[in-house]
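My notes follow the order in which I checked things.

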Amino acid sequence: MSDLNQQLSTTDADRTTITDTGARSAAADPSSDPQEIFCVLSVISGAGFGAEFVLSAPSTVVGRSSEAEIVLQDDRISRRHARIFQISAENDRHGPEHEVEDLGSTNGIFVNNERVSRRKLADGDKIRIGSTVLRYESRDAVDHAYHVRMSRLARIDELTGLLNRASIEQEFHREYARALRYRRSLAIALLDLDHFKHINDTHGHAAGDITLKRLGMLLLGALRQQDQAGRYGGEEFLLLLPETSPQAAAAVAERLRRQLESQPMVLDKCEIPVTASIGVAGFEGSSPAAKLLSRNGGWLVELADARLYRAKADGRNRVCNEGGDSATSSACADATQERAAANTHEIDLGQTNLAGSGE
């Protein structure tokens with residue numbers, strides 16, 4: 001079992017949900033000065049719940065635009081809603097102090113439920129921007145390392161190093177809403193390991209764990225920075241590919257399939273083939289048909305799932321990006337019902353017409 005033990009000891013890539021708005025690492029280095037102070041914004045309610053942002057840059061813009069340093073997909077947030085900036089440098093005992101400033105937003109900013117145009121922030125202040133609430137706090141390196149770890153445990157599948165199901169679903173809904181709003185392309189892929197039960201039954205659950213861990217490492221190493229992958233079920237994985245056409249996504253899926261097939265697992269000097277079936281679905285944001293899509297993205301997952309099962313039925317170890325069009329028709333029907341319920345003639349995917357939306 002030496003090969004098995006060696007593969008189990010491999011360290012998977014680390015991923016956290018704590019983002020740095022400046023240049024330095026967001027995660028506290030265990031060897032760093034325990035007196036170092038991190039100023040952090042935590043999303044405690046609303047869009048991006050659970051995300052944390054380290055304020056290491058002199059100025060940080062919060063908004064709905066992709067050009068903001070902190071992007072929150074909340075319809076009541078303006079494109080450039082607020083700015084948080086340093087008003088004092090870091091010293092030996094405390095981190096830098098910050099102020100928050102309204103950048104002329106439609107719906108304003110509130111600090112501890114009081115509307116303000118500009119306010120110096122104190123540790124523990126709650127900032128409401130649109131429908132999202134952030135908490136401002138400062139932490140020493142030890143406390144920050146604890147929060148990094150807890151954030152990881154809450155969102156990451158420990159075995160594979162990928163997002164867990166709740167987290168990948170949250171990211172999917174965020175990316176889907178963004179794609180509709182800005183008429184951008186979006187593709188997803190559902191990947192399922194072939195004959196995984198046979199691996200478990202024949203070689204033991206430890207071998208199954210190795211297989212899942214190796215796949216997680218492959219995905220983390222092969223996908224672009226803006227792509228995301230999560231463990232969607234036991235041996236099923238969901239891949240999010242923003243700014244990617246369905247055709248390009250199928251090429252990505254085929255490359256992953258070939259990589260997996262070419263790297264059999266070695267156990268007691270015996271090669272165990274590992275393959276996957278993949279269903280791909282997506283849409284071009286610039287396509288006229290995109291205007292007919294439902295704001296509920298569940299249809300896209302259903303379409304990828306239908307194509308995954310078709311790949312399985314056609315012999316496994318293949319990519320399918322065709323068929324299952326009933327899910328698309330259902331999405332268009334849902335959109336028609338949404339328009340009727342909203343008493344409007346058309347859903348404009350480039351703009352949000354909700355009352356009180358940010359500009």
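The entries below go from the whole chain down to single residues.

**Ground rules.** I am working on a predicted model, in which local features need pLDDT of at least 70, side-chain atom pairs count only at pLDDT 80 or more, and totals for chains, interfaces and linings use all residues. Residues are numbered from 1 along each chain as its sequence is written, and side-chain values use heavy atoms, with hydrogens and water left out.

**Overall.** I looked up the secondary structure and found 8 helices and 19 strands; helices (H or I, at least four residues) and strands (E, at least two) are DSSP runs, numbered from the N terminus. Of the 359 residues, 49% count as buried, where buried means under 20% relative accessible area, exposed over 50% and partly exposed in between (1.4 Å probe, protein chains only). The accessible surface comes to about 17000 Å², by the Shrake-Rupley method with a 1.4 Å probe. Carbon and sulfur atoms hold 48% of that surface. I then took contacts (heavy atoms within 4.5 Å) between residues at least 6 apart in sequence, and 64% of them join residues at least 24 apart.

**Nonpolar cores.** I searched for sets of buried Ala, Val, Leu, Ile, Met, Phe, Trp, Tyr and Cys residues joined through side-chain atoms within 4.5 Å. The largest such core has 31 residues, and Leu193, Leu219, Phe237, Leu239 and Leu256 have the most contacts inside it. Elements giving two or more residues to this core include strand S13 (186–193), helix H5 (205–222), strand S15 (236–242) and helix H6 (246–261). H5 supplies the largest share, 7 residues. Leaving aside neighbours within four places in sequence, I list Leu162, Ala229, Phe237, Leu239 and Leu256 as the contacts of Leu219. Apart from this core lies another of 22 residues, among them Ile168, Tyr176, Leu180 and Tyr232.

**Aromatic pairs.** I count 3 pairs, taking rings of Phe, Tyr and Trp (its six-membered ring) with centres within 6.5 Å; planes under 30 degrees apart are stacked, over 60 edge-to-face and the rest tilted. Tyr176 and Phe283 are edge-to-face, at 5.9 Å centre to centre and 80 degrees between the planes. Tyr176 lies in helix H3 (residues 165–182) and Phe283 in strand S18 (residues 276–283), so this pair ties together parts 107 residues apart in sequence. Why is the pair of Phe283 and Trp299 tilted? The ring centres are 6.3 Å apart and the planes are at 35 degrees, so Phe283 and Trp299 count as tilted. Trp299 is in helix H7 (residues 298–313) and Phe283 in S18, so this pair joins parts 16 residues apart in sequence. Phe283 is buried at 7% relative accessible area, and Trp299 is buried at 5%. Phe172, Tyr176, Phe283 and Trp299 form one aromatic cluster.

**Charges over rings.** My test was NZ of Lys or CZ of Arg within 6 Å of the ring centre and within 35 degrees of the ring normal. Arg165 has its charged end over the ring of Tyr232, 4.0 Å from the centre. Arg128 lies over the face of Phe110, at 4.1 Å from the ring centre.

**Cysteines.** With a disulfide taken as a pair of cysteine sulfur atoms within 2.5 Å, I get 0 disulfides. Cys39 is buried at 2% relative accessibility, whereas Cys270 is partly exposed at 39%.

**Ser185.** I found Ser185 in the loop between H3 and S13, buried at 15% relative accessible area. Beyond its neighbours within four places in sequence, the contacts of Ser185 include Pro242, Glu243, Phe283 and Gly285.
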